[in-house]
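Reader: I am new to this structure and would like to learn how to read its features one at a time. Could you show it to me, and then take my questions in turn?

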Amino acid sequence: MQVIPNKEQIELAHQRIQDYIHRTPLFTNQTLNELCGAKVVFKAENMQKVGAFKARGALNAALSLPHNKITAGFCTHSSGNHAQAIAYAAKSLKVPAYIVMPETANPVKVKAVANYGAEIIFCAPTQRDREATVERVRQETGATFIHPYNDSKVIEGQATAAKELIAAFPDMNTLFAPVGGGGLLSGSCLSARYFGKNIQVYGCEPEQANDAWMSMQSGQIEPARGLPTSADGLMTSLGDLTFEIIRNEVSGIITVTEDQIAEAMKFVWERMKLIIEPSSAVPLAALLNNRELFVGRKIGIIISGGNVDFSQLAFLKEPATQNEAKVNIYSSY
């Protein structure tokens, strides 16, 4: 039975992974501060190893295992950042990694996982097939399965992002984080309780994937509806452990529309010159569209990742003519 991580376990996790991760920087934007009437500080986990906070949890879970379990390697099922994080953890420890990915996985993400040296096993794009395939892989290889979020060691690792933010921004009183499976949000809630002072924590998710909001309303885990959203990293349902932490610790869940996500992402790209993925834009969208509630607050926002498939961007899919290109270049100055 898994237990909720305590303060000492998160501190140990931070020590355990510090040689394998970046202590990511903080950013502010004066225009945003003036727009919101608040002080806003971003924790840039888009600059983390593998381009996302997921490296923290994967490494802590891997490094917490007994030596014989580490040498046997790790396995998981994922088509996103967790897949890269487990592959990176295995490469760092010079052990094998077996990643089950759906046949429909984005080729860019498949290539990223392969570049870390992981063995990729494809399966049908259903949760049932993913789970069945990774269980077969586990039995055949002896590798340890590391869950993407519903694991106390993963949560300890994810909590270190908020821990660092609080240490650098000690008068922060409000924290925004995205929520999908809940590993980052639950870890952030714990760090706010253990290391902060009266910090209100808000989970942020798309309206198209509002299962955390629905779960808070009903008092039980509600499944993700599977509706399309640009924030595809947040389409996962909560786990029993993450839900237990979130429902007891979070101050609220805020949902945002697809247009609001796009506008927030555009703001960060244009005004802050940071490449973030849509899931990372959700917390800023939540603030921008509810800013009257947070006037005068000192707000931290965790940018969860920056892994963008550039082949999907319009300016790459539709090349300009030579004359149009000249106009675009000159008009940008």
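Reader: Is Val50 buried or exposed, and where is it placed?

Author: The general idea is to look at relative accessible area, computed with a 1.4 Å probe on protein chains only, where under 20% is buried, over 50% is exposed and anything in between is partly exposed. Val50 has a relative accessible area of 7%, so it is buried, and its place is in the loop between β2 and α3. Helices here are DSSP runs of H or I with at least four residues, strands are runs of E with at least two, and both are numbered from the N terminus. This is a predicted model, in which local features need pLDDT of at least 70 and side-chain atom pairs count only at pLDDT 80 or more, while totals for chains, interfaces and linings use all residues. Residues are numbered from 1 along each chain as its sequence is written, and side-chain values use heavy atoms, with hydrogens and water left out.

Reader: What is the phi of Val50?

Author: Most residues other than glycine have a negative phi. In Val50, which is not a glycine, phi is positive, near 60 degrees. Lys94 also has a positive phi, of about 60 degrees, although it is not a glycine. Lys94 is found in the loop between α5 and β4, and with a relative accessible area of 74% it is exposed.

Reader: At what angle do α3 and α8 pack?

Author: Axes are lines fitted to C-alpha atoms, for helices over the stretch in contact, and the angle, from 0 to 180 degrees, is taken between N-to-C directions. For α3 and α8 the angle is about 135 degrees, and their axes are 7 Å apart. That makes α3 oblique to α8, since angles under 35 degrees count as roughly parallel, over 145 as roughly antiparallel, 65 to 115 as roughly perpendicular and the rest as oblique. The crossing of α3 past α8 is right-handed, a word used if the near helix is turned clockwise from the far one by less than a right angle, with anticlockwise giving left-handed.

Reader: Which residues of α3 meet α8, and how do they divide by class?

Author: On the α3 side Lys54, Arg56, Gly57, Asn60 and Ala61 take part, and they meet residues of α8 including Lys153, Gln158 and Glu164. By class, this contact of α3 with α8 has 3 nonpolar, 5 polar and 5 charged residues, where Ala, Val, Leu, Ile, Met, Phe, Trp, Tyr, Cys and Pro count as nonpolar, Asp, Glu, Lys and Arg as charged, and the others, Gly among them, as polar.

Reader: What does Gln158 touch?

Author: Gln158 lies in helix α8 and is buried, with a relative accessible area of 1%. Not counting residues up to four places away in sequence, Gln158 touches Phe53, Lys54, Arg56, Gly57, Pro148, Gly183 and Leu184. Gln158 is also one of the α8 residues in the contact with α9.

Reader: How do α8 and α9 cross?

Author: Helix α9 covers residues 183-195, and its axis comes within 7 Å of that of α8, with a crossing at roughly 50 degrees. That makes α8 oblique to α9, and the crossing is right-handed. By class, this contact of α8 with α9 has 8 nonpolar, 6 polar and 1 charged residues.

Reader: At what angle do α12 and α13 pack?

Author: Helix α12 (residues 258-272) and helix α13 (residues 278-288) pack at about 100 degrees, with their axes 7 Å apart. That makes α12 roughly perpendicular to α13. The residues of this contact divide into 11 nonpolar, 1 polar and no charged.

Reader: How many disulfides are there?

Author: A disulfide is a pair of cysteine sulfur atoms within 2.5 Å, and by this rule the count is 0. Cys75 is in no disulfide, and the nearest cysteine sulfur, that of Cys123, is 13 Å away. The sulfur of Cys189 is 11 Å from the closest cysteine sulfur, in Cys204, which is too far for a bond. Cys75 is buried, with a relative accessible area of 0%, and Cys189 is buried at 2%.

Technical notes
Contact means heavy atoms within 4.5 Å.
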